[in-house]
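Let's take a walk through a protein model together. Have the sequence and the 3D view ready, and follow along as we go from the whole chain down to single side chains.

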Amino acid sequence: MGQALGCIQVDQSTVAIKETFGKFDDVLEPGCHCLPWCLGSQVAGHLSLRVQQLDVRCETKTKDNVFVNVVASIQYRALVDKAEDAFYKLSNTRSQIQAYVFDVIRASVPKLDLDATFEQKNDIAKAVEEELEKAMSHYGFEIVQTLIVDIEPDEHVKRAMNEINAAARMRLAANEKAEAEKILQIKRAEGDAESKYLAGLGIARQRQAIVDGLRDSVLAFSVNVPGTTSKDVMDMVLVTQYFDTMKEIGASSKSNSVFIPHGPGAVKDIASQIREGLLQGNATQ
């Protein structure tokens, strides 16, 4: 009914292109407008001013001969003050933008290795945006944002990259494990050395205590039994220890026995040897 009366409605975020007898006349902004059709006025079409998004998937090759799919997301919109150019100059805006994206990506990515492509994707997006902005501004469009949302190498390449990464991590883990074992062995050796050192101190103290005990016994016996000498006391102590040792060897079925001469003359020999050893030990202290 409104069109019959020459009135039209233009929605928000949209402009209408007015023609008079087929020639561009005006850009109609949102609201109600009168178009006297009898005077040749008509609406040629509508143009959205909203931000639109175009996802472009481009296959190309890197410098190290790896084929990748680069996915670019282009956000653009028509400019209200250039609505005439946006409506008339391009018949297929999306195809035009896609062609420029292909051109820039296929000119930029082959200069980079695969790793550099991932690292410099923001530079690629900036190059695409600058080229699109320069080209599309002549057609009445503004490039709002350009994003490289994904870089997809071939499946075999991705698998190989994952294997390289896994191998590097396993090598690092092996180095850490070897370092831990090295530290463990060092600590174990330090503990063993400390243990032997303390054991040596214990044996030295034990022997010192034995010597002190024997000396006290000899002195006490000499005082309590008149006419005895230190040599007599030591002979008696050594003989007693000799028979105690023989008793222990005979009582244990699992002991490692050392067979030595055990006649009375041999006892005297042993006593002489032990006494000389003790005297030599005392002389060296």
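Here is a short tour of this chain, beginning with the overall picture.

**The whole chain**

Keep in mind that this is a predicted model. The chain contains seven helices and eight strands. Out of its 285 residues, 24% are buried. Its accessible surface comes to about 19600 Å², and carbon and sulfur atoms account for 54% of that. What about contacts along the chain? Taking those with a separation of 6 or more, 62% are between residues 24 or more positions apart.

**A helix with a buried face**

Now find helix α4, residues 121-136. It has 16 residues, and the distance from its first C-alpha to its last is 22 Å, close to the 22 Å expected at 1.5 Å a residue. Which residues of α4 are buried? They are Ile124, Ala125, Val128, Leu132, Ala135 and Met136. Looking down the axis of α4, you'd see these buried residues fall within an arc of 100°, so they line one face of the helix. The elements covering them include β7 (67-78), α2 (93-108), α3 (114-119) and β8 (141-153).

**Two loop residues with a positive phi**

Next, a bit of backbone geometry. Most residues other than glycine have a negative phi. Phenylalanine 21 isn't a glycine, yet its phi is positive, about 55°. You can find phenylalanine 21 in the loop between β2 (14-20) and β3 (23-28). Is phenylalanine 21 buried or exposed? Its relative accessible area is 69%, and the cut-off for exposed is over 50%, so phenylalanine 21 counts as exposed.

Asparagine 65 also has a positive phi, about 60°, without being a glycine. Its place is in the loop between β6 (52-61) and β7. Asparagine 65 is exposed too, with a relative accessible area of 56%.

**Salt bridges**

How many salt bridges does a search of the whole structure find? The search turns up seven. Here are some of them, with the N to O distance for each:

| Salt bridge | N to O distance |
|---|---|
| Lysine 89 and aspartate 85 | 3.6 Å |
| Glutamate 190 and lysine 187 | 3.8 Å |
| Aspartate 192 and lysine 196 | 3.4 Å |

Glutamate 190 is partly exposed, with a relative accessible area of 45%, while lysine 187 is exposed at 53%.

Aspartate 192 and lysine 196 also both lie in α5, four residues apart, again about one turn of the helix. Aspartate 192 is partly exposed at 39%, and lysine 196 is exposed at 57%.

**A nonpolar patch**

Let's finish on the surface. Tyr197, Leu198 and Leu201 form a nonpolar patch there, and together they have about 290 Å² of accessible area. Where does leucine 201 sit? It is found in helix α5, residues 155-224. Leucine 201 is partly exposed, with a relative accessible area of 30%.

Note on methods: Residues numbered from 1 in each chain as written. Predicted model: local features only at pLDDT ≥ 70, side-chain atom pairs only at ≥ 80, totals over all residues. Heavy atoms only, no water. Patch = residues over 30% accessible without salt bridge, like charges linked within 9 Å, V, L, I, M, F, W, Y side chains within 5 Å. Areas by Shrake-Rupley, 256 points an atom, 1.4 Å probe, with all protein chains shown as cover. Salt bridge = Lys/Arg side-chain N within 4 Å of Asp/Glu carboxyl O. Buried < 20%, exposed > 50% of the residue type's maximum accessible area, 1.4 Å probe, protein only. Contact = heavy atoms within 4.5 Å. Expected span 1.5 Å × (residues − 1). Arc of directions from axis to C-beta.
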